[in-house]
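Open the model in your viewer and colour it by secondary structure.

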Amino acid sequence: MSSIISISGLSKTYQGGFTALKSVDFEIEKGEIFALLGPNGAGKTTMIGIICGLVTPTTGTVTVDGHDILRDFRQTRSRIGLVPQEMSIDMFGSVKAAVSFSRGLFGKAPDPAYVEQVLKDLSLWDKKDSEIRALSGGMKRRVMIAKALAHEPDILFLDEPTAGVDVELRQSMWQVIGRLRERGVTIILTTHYIEEAEQMADRVGVINKGEIVVVEETGALMHKMGQKRLTLQLAEPLTELPEALKADGLELAADGTALHFDYDTQAERTGITTLLARLNEAGLSVRDLETSQSSLEEIFVGLVGGK
Ligand SMILES: Nc1ncnc2c1ncn2[C@@H]1O[C@H](COP(=O)(O)OP(=O)(O)OP(=O)(O)O)[C@@H](O)[C@H]1O
């Protein structure tokens, strides 16, 4: 994989002195879905604003396919489609006219076949002649994506694409994003929904208070950072944990039928072998056991929670 966006030493201090980004470095790979995950005010929108040329960085450099975003602004901006967080859409006129107009803004010659393809990809083709203001909220969001794709960008930024949309629409947005990726578009989305990052992203960057806390392949992040929980189903229920086992980090389930043991998958020793021996010594027999991995949600809370 080669990188399409390189961010190096990027900082932003707004007028008034607030520092929203603190020397951020990372790369976006060509063709990937990258989720930028972070709590409110973490700096996600600021970062997107800088890459898209809407916010001036205080220090650092960003290149898009080797071109500096400040020096070669027109060239880099034309490679990028941006779907902003807030609904910024002219409600008058038809869907097709709005999308064709957005294409024209980038100086691209009309291409009805391309516009048709975009509208079809977004399941908007049967609404092409509808007035935008007459569409549902979800359809309006799709129109925003269509407008962002109108000039054939190969990088698409989606700032919280599914904020405030219902579960069904969220699923269909995920499908839309998946289809775009299949067509080779690099996608960077910001989200508060860990589930969204977990389901869609190839890699996740966690940002907190203007700093990138971690950038990792989604599965590897979950694997690497995840705690695992071992649940031991007891042959005989207990009313309380035997005295001899109280120092072993065990937790008795509320109904007394199982013991839980949390361990670090990365640790040199998980402690499981010792634990099983200790249970044996204490005369407890285990009927069944299972392990479960923590979700990205728990990892995320662990990463940003303590700061
Ligand atoms: N124009 C501005 N002037 C001063 N401070 C700003 C400006 N824009 C953003 N900030 C501050 O910078 C910080 C980062 O904001 P930003 O919008 O980048 O966060 P975010 O991660 O996108 O948050 P959210 O998830 O709420 O959209 C916030 O504390 C915000 O108040």
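The chain holds ten helices and 14 strands; helices (H or I, at least four residues) and strands (E, at least two) are DSSP runs, numbered from the N terminus. This is a predicted model, in which local features need pLDDT of at least 70 and side-chain atom pairs count only at pLDDT 80 or more, while totals for chains, interfaces and linings use all residues. Residues are numbered from 1 along each chain as its sequence is written.

Next, select residues 3-223, which are domain 1, and then 227-305, which are domain 2. The bounds come from an automatic or database domain assignment. Their C-alpha centres lie 42 Å apart.

Now show the C-alpha trace of the whole chain. The trace fills a box of roughly 80 × 45 × 35 Å along the principal axes. The radius of gyration is 25 Å, whereas a compact globule of 307 residues would have one near 19 Å (taken over C-alpha atoms; the globule rule is 2.2 Å times the number of residues to the power 0.38).

Buried residues are 32% of the 307; a residue is buried if 20 or more other C-beta atoms, placed from the backbone, lie within 10 Å of its own.

Finally, select the ligand. Which residues surround the ligand? They are Y14, G16, F18, A20, G38, N40, G41, A42, G43, K44, T45 and T46, each with its C-beta atom, placed from the backbone, within 6 Å of the ligand. Helix α1 (residues 44-51) gives the largest share of this shell, three residues.

Notes:
A residue is buried if 20 or more other C-beta atoms lie within 10 Å of its own, exposed if 12 or fewer, and partly exposed in between; C-beta atoms are placed from the backbone.
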